[in-house]
Amino acid sequence: MDIFDKCLQFNDAKEAEAVGLYPFFIPIEKNMGNRVIVDGKELVMIGSNNYLGLSHDPRVKEAAIKAIEDYGTSCSGSRFLNGTLSLHEELEHRLADFAGKEAAAVFSTGYQTNLGSISALVGKNDHIFTDRYNHASIMDGIFYASGFNKGSVHVHRYHHNNMDNLEKRLKSVPHDAPKIIVSDGVFSMEGDIVNLPRLKSLADQYNARVYLDEAHAIGTIGRTGKGTEEHYNVKDNVDIVMCTFSKSFGSLGGFVAGDKDVIHYIKHFSRSLIFSASLPPSAIAAVMKSLEILQTEPEHVQRLQQIGDRMLGEFKKMGFNVGTAQTPIIPLIIGDFQKTLYFWKALFVGGVYTNPVFPPAVPPDRTLLRTSYMAILTDEDLDYVLEVIYREAKKLNIITS
Ligand SMILES: Cc1ncc(COP(=O)(O)O)c(C=O)c1O
């Protein structure tokens, strides 16, 4: 047996590609924000996480270019050693302020932020409570923590957003055992919002800390786009706020914010921060400009929320199963692998870019098309999307109305 045998025997993706039904790694030739060119053809983009459209804002692009001129294209080292610029520290101060926390730490990707922060915080004999639909980077942070601690981390996966189930699991652990509850603020596939007030009251009752991944919440929910706490109009419900820059911030990277001693600890025990090169200057400058725009121009958040409400209403009217969606992330749940693939392809040919989602990202009976909206989509774009989706879904008997 050769170790590469499994690679030669992996044919599923090649077979799908041969019949034109392979939906992954599709190269985008040009990206105009609301529209993209693929294989010479223009599509309306409803498959991006660029929620506020800021990766295409001229001011954000200009800030990134200026940072390259001032600092070069790379930091060529980790934050720990030669890779910390004054720009990183300035961004950390601004983000801590934005999140209402004492301190923040900036990582090179959102994935590394969860990986490094969770594995730094959770160790031997600790208990971590995680929603079953949490993002893979949270699960990987837990695996990583377990690996380094030889399996001694106690992992409790509770039913999605089910606070009774969370309580049952919290109850089963001694009151004085160290505990942390980790949840997405907005769930990346379902587009629904964590029941934060109830989660926080359970955390208080059972002596647990709260870690919230706001990757899809900042910029999308809350009156000014500040995320889940603002959505519920509550304060200090979260001990650690985490977010990525690859979505509403139009860049790349991520941060955690919390008490200064906790952030200081994460900075010294997070392997994905210490052993990886730091966020490049252009990415930092793009985040800083995006943050400024988010804080001073509420109209982008308002437009995004108005689009999300409209699309959710229209899809419900058409008879789609949109699950528990409440945000501008709207899954069209098909629940059948082949139908989902054919629907994705029909929309693609029809000029609409969506993302098909299959197991293990979702359970087998929840295969879906993930649609997500941006503030920069025009009414004309949305009318077009609705027309194509309605037409193709009817043809495939996904909706019958
Ligand atoms: C909830 C959540 N957390 C973390 C991440 C990781 O962020 P990034 O892709 O910026 O590394 C993602 C990315 O999709 C996400 O959806």
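Biologist: Hey, what does Tyr265 count as, going by relative accessibility?

Modeller: Tyr265 is at 37% relative accessibility, so it counts as partly exposed. That class sits between buried, under 20% relative accessible area, and exposed, over 50% (1.4 Å probe, protein chains only). Keep in mind that this is a predicted model, where local features need pLDDT of at least 70, side-chain atom pairs count only at pLDDT 80 or more, and totals for chains, interfaces and linings use all residues. Residues are numbered from 1 along each chain as its sequence is written, and side-chain values use heavy atoms, leaving out hydrogens and water.

Biologist: And what about Phe269, what does that one count as?

Modeller: Phe269 comes out at 47% relative accessibility, so it is partly exposed as well.

Biologist: How far apart are Tyr265 and Phe269 in helix α10?

Modeller: They're four residues apart in helix α10 (residues 260-269), which means about one helical turn separates them. Helices here are DSSP runs (H or I, at least four residues), strands are E runs of at least two, and both are numbered from the N terminus.

Biologist: Switching topic, how many aromatic pairs are there?

Modeller: Ten. Rings of Phe, Tyr and Trp (its six-membered ring) pair if their centres lie within 6.5 Å; planes under 30 degrees apart are stacked, over 60 edge-to-face, and the rest tilted. One of them is Phe245 with Phe255, stacked at 5.9 Å centre to centre with 20° between the planes.

Biologist: Are Phe245 and Phe255 buried or exposed?

Modeller: Both are buried.

Biologist: Which residues do ring pairs link into a cluster?

Modeller: Tyr22, Phe24, Phe337 and Phe358.
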